[in-house]
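I opened this notebook to keep track of what I looked up in a structure that was new to me. The entries follow the order in which I went through it.

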Amino acid sequence: MHMSSVGEGEEFGDPDQNEAPVGEREKLFQRRLEQLAEFVSDHGHGSIPTPYDDDPSLGVWAANIRRQYVLRTEAEEDEEGRAPYTGYLTPSRISRLQRAGFDFLSLTEAQFRLRLAELREFKEDYGHCMVPQHWDGNPGLGMWVLNI
């Protein structure tokens, strides 16, 4: 699926809803916001994983929202004059997602950035990135470096 041309229905993990009337699209978005609120209540954070075994379509929706957010951000920062963002992730929807606690950065991406920052700190301290696998200073970093 090509994310920059995601249809409105795919936003909700339901390709059959591509041609839904605007009012229906808004109802679908509102339903997803309610599911997000339930997820936040149950898990204490708004980083819906992909895949999400408990509700695969919610995980797909979260991944699509994150991708659309990246596309929107890139379009807003574009200095080459490419076409403006015309997707379904409007400023109003972004605001509503933020108020509901949606995390636009996936847990995987957040964990990757954390480990990368730790690796940069290690390099500053030791002058290299060869973290011992069982390094007492940060055992998780050693295992992460081993696996990348």
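What share of the contacts in the chain with a separation of 6 or more is accounted for by residues 24 or more positions apart? I looked this up in what is a predicted model, and found that such residues account for 45% of those contacts.

Entry on the fold. I went through the secondary structure and noted five helices and zero strands, which, when I read along the sequence, gives the pattern α-α-α-α-α.

Entry on burial and surface. I noted that the chain has 148 residues, of which 31% are buried, and that its accessible surface comes to about 9400 Å², with 50% of that surface belonging to carbon and sulfur atoms.

Entry on the largest nonpolar core. I found 18 residues in this core, and the members that touch the most other members are Ile48, Trp61, Ile65, Leu89, Leu97, Phe102 and Phe104. The elements that give two or more residues to this core are helix 1 (22-43), helix 2 (56-77) and helix 3 (91-100), and I noted that helix 2 gives the most, with five residues. As background I wrote down that in soluble globular proteins nonpolar side chains tend to be buried together.

Entry on one residue. I then followed Leu97 and, leaving out residues up to four places away in sequence, listed its contacts as Phe29, Leu33, Leu36, Trp61, Ile65, Leu89, Phe102 and Phe104.

Conventions
Residues numbered from 1 in each chain as written. Predicted model: local features only at pLDDT ≥ 70, side-chain atom pairs only at ≥ 80, totals over all residues. Heavy atoms only, no water. Core = buried A, V, L, I, M, F, W, Y, C linked by side-chain atoms within 4.5 Å. Buried < 20%, exposed > 50% of the residue type's maximum accessible area, 1.4 Å probe, protein only. Helix = DSSP H or I, 4+ residues; strand = E, 2+ residues; numbered from the N terminus. Contact = heavy atoms within 4.5 Å. Areas by Shrake-Rupley, 256 points an atom, 1.4 Å probe, with all protein chains shown as cover.
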